[in-house]
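Okay, thanks for coming, everyone.

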Amino acid sequence: FIDETLFNYEKTAAATKIKSIAELAREKAADGASMYTLTNWATKAARAVRVLSQVGTTEDEEILTLEAQRRNLGESAQDLALKQATKAKRLADTNVIIDAIEKKALTAIKEQTSIPAIQQLVDNFKLQAAAELNNNQ
């Protein structure tokens with residue numbers, strides 16, 4: 001009974017670690033941006049895609065122009081739209097990968113039959129998450 005309880009505890013602890021690592025990876029991918037900033041990025045990305053796809057509204061163009069002017073980095077509204085769309089795509093790609101490897105690891109925990117195997121799974125997940133972040137920066 002004690003061995004089974006310990007084993008189940010290890011599985012639960014490993015799942016918690018995997019979820020925590022995944023959240024940290026998502027934060028790193030977003031450069032530590034707050035939820036408010038991320039929500040704003042999603043709005044900007046949608047606007048940028050519309051403008052780049054030539055289906056943007058006058059308001060979309062005006063907002064991009066205003067931001068480009070206020071940033072004062074010598075970029076056009078189109079330049080800014082491309083930067084925003086590229087950033088959003090990179091973040092989306094990274095999050096999809098993190099979500100997928102997290103789900104895979106959480107599923108694999110349930111199938112493990114030993115504590116060392118569970119610990120190895122967590123270690124492998126840490127490495128894989130770090131590698132994915134490096135590949136998508």
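Quick definition before we start: when I say buried, I mean under 20% relative accessible area, exposed is over 50%, and partly exposed is in between, with a 1.4 Å probe and protein chains only. This is a predicted model, so local features need pLDDT of at least 70 and side-chain atom pairs count only at pLDDT 80 or more, while totals for chains, interfaces and linings use all residues. Residues are numbered from 1 along each chain as its sequence is written, and side-chain values use heavy atoms, with hydrogens and water left out.

So, the overall layout. The protein chain has 5 helices and 0 strands; helices here are DSSP runs of H or I with at least four residues, strands are runs of E with at least two, and numbering goes from the N terminus. The C-alpha atoms fill a box of roughly 70 × 25 × 20 Å along the principal axes. Buried residues make up 34% of the 137.

Now the charged pairs. How many salt bridges does a search of the whole structure find? It's 10, counting a side-chain nitrogen of Lys or Arg within 4 Å of a carboxyl oxygen of Asp or Glu. Take Arg26 and Glu102, whose side chains meet at 2.6 Å, N to O. Arg26 is in H1 (residues 2-29) and Glu102 in H4 (residues 77-111), so this pair ties together parts that are 76 residues apart in sequence. Arg26 counts as buried, at 16% relative accessibility, and so does Glu102, at 13%.

Next, Lys44 and Glu67 form a salt bridge at 2.8 Å, N to O. Lys44 lies in H2 (residues 35-52) and Glu67 in H3 (residues 58-71), so here the linked parts are 23 residues apart in sequence. Are those two buried or exposed? Both are buried. They also belong to a salt-bridge network with Arg71, Glu75 and Lys83.

For contrast, a local one: Lys89 and Asp93 pair up at 2.8 Å, N to O. Both sit in H4, 4 residues apart, about one turn of the helix. Asp93 is partly exposed, at 29%.

Last bit, the nonpolar side. In soluble globular proteins, nonpolar side chains tend to be buried together. I'm calling a nonpolar core a set of buried Ala, Val, Leu, Ile, Met, Phe, Trp, Tyr and Cys residues joined through side-chain atoms within 4.5 Å. The largest one has 22 residues, and Ile18, Ile109 and Phe125 have the most contacts inside it. H1, H4 and H5 (115-135) each supply at least two of its residues, with H1 giving the largest share, 8 residues. Apart from that core there's another, of 8 residues, including Ala48 and Leu64.

And what does Phe125 touch, leaving out residues up to four places away in sequence? Its partners are Ile18, Ile21, Ala22, Ile101, Glu102 and Ala105, with contact meaning heavy atoms within 4.5 Å. Notice Glu102 in there, the residue that also pairs with Arg26.
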